[in-house]
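Please look over the sequence and the fold before reading on.

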Amino acid sequence: MPDPILAVAGVSKTYKGGFTALHDVDLEIGKGEIFALLGPNGAGKTTLISIICGIVTPSTGTIQVAGHDALTDYKAARRLIGLVPQELSVDMFETVLATVTFSRRLFGRSGHSAYIEQVLRDLSLWDKRDAKIMELSGGMKRRVLIAKALAHEPEVLFLDEPTAGVDVALRRDMWKLVHKLRERGTTIILTTHYIEEAEEMADRIGVINQGKLLLVEEKAALMKKLGKRELDLALVEPLDAVPEGLERWQLNLANDGRTLRYVFDATEEQNGIPALLRELAERHIAFTDLETSKSSLEDIFVDLVGERA
Ligand SMILES: Nc1ncnc2c1ncn2[C@@H]1O[C@H](COP(=O)(O)OP(=O)(O)OP(=O)(O)O)[C@@H](O)[C@H]1O
């Protein structure tokens, strides 16, 4: 990993009502990395980002941004961070240019028009600079949030669920944009609950569930783990047990013995399915239907938690 620009150590968060949303999180992010935090709703992704950005106070732990302590040296740390929140937080009656320039000034930077122009051009918003926010489409409004977050030239950009609720075309635009920002040297941390999105964008992926960071891995290594698929065979006659002699396949019975399930690695060239079907035919095990599916994120969490138990 390149030199860390962000170091999170032992961070936990218990909210006022007593709910613990984060348990002892350790995480280092390298300069120039694209890091995806992958987890289902309520996993603690927004809480973690909000703590790093100084919006929520951690119950324990420390955060360093380029060597600045985010709690004791808040201003210096915060200046290095841009945050694109999930929800729209702009004045609808303001123009695009005024909104973005205002954000830059909030961080004590002068209204450097060449930089702002470049940001707006990169986000295809330059032609709309004099439009009021309320006149923009949903996709454009999202891009204004990114422009606002980039306005003060941060080194680390946080994108909280950048593509939740957007259409496929806009999602692809967003992915392209993230890669472009990285080429300029910005470190990017995004949260998502889409495996495909983490796969498309990130160099490394952290998997979070129920407030625990279950693992952090290079994308390729994790995708191999996440690349599991299931083949379900609906049997004509229910079985009491997996037939003998089929040990080389990982088989389970489901649905009261009426479904024979084979879990295989979709990234392996040889999945063994043709041979399995031949073996079943030889044993006169007939099926009425067959269906393959990807493991769901939930299945993957169960697997990962199981592996670590
Ligand atoms: N201010 C708060 N007070 C009490 N509980 C909270 C507060 N904010 C969040 N939580 C709880 O903490 C847990 C984690 O929430 P968080 O928003 O961090 O999850 P998330 O992974 O970002 O989810 P999503 O994908 O839905 O945005 C949830 O159970 C949530 O209800």
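A residue is near a molecule or strand if its C-beta atom, placed from the backbone, lies within 6 Å of it. The model is predicted, and local features need pLDDT of at least 70, side-chain atom pairs count only at pLDDT 80 or more, while totals for chains, interfaces and linings use all residues. Numbering starts from 1 along each chain as its sequence is written.

The ligand is surrounded by 13 residues, and the closest are Tyr15, Ala21, Lys45, Thr46 and Thr47. Helix α1, residues 45–52, gives the most to this shell, with three residues. Helices (H or I, at least four residues) and strands (E, at least two) are DSSP runs, numbered from the N terminus. Sorted by class, the shell has four nonpolar, eight polar and one charged residues. Here Ala, Val, Leu, Ile, Met, Phe, Trp, Tyr, Cys and Pro count as nonpolar, Asp, Glu, Lys and Arg as charged, and the others, Gly among them, as polar.

Next come the two helices α3 (residues 96–106) and α5 (residues 138–150), whose axes come within 7 Å and cross at roughly 30 degrees. That angle makes α3 roughly parallel to α5 (under 35 degrees; over 145 is roughly antiparallel, 65 to 115 roughly perpendicular and the rest oblique). Axes are lines fitted to C-alpha atoms, for helices over the stretch in contact, with angles from 0 to 180 degrees between N-to-C directions. On the α3 side Val96, Thr99, Val100 and Ser103 meet Val144, Ala147 and Lys148 of α5; contact requires C-beta atoms, placed from the backbone, within 7 Å. By class, this contact of α3 with α5 has four nonpolar, two polar and one charged residues. An α-helix has 3.6 residues a turn, so residues three or four places apart point the same way.

Glu161 is found in the loop between β7 (156–160) and α6 (168–183). Is Glu161 buried or exposed? Glu161 is buried, with 21 other C-beta atoms within 10 Å (buried means 20 or more, exposed 12 or fewer, partly exposed in between, with C-beta atoms placed from the backbone). His284, in the loop between α9 and β14 (287–294), is exposed, with 8 such atoms within 10 Å. Of the 10 residues of α9 (residues 273–282), the number buried is zero, so this helix lies largely in the open.

Note on methods:
Two residues are in contact if their C-beta atoms, placed from the backbone, lie within 7 Å.
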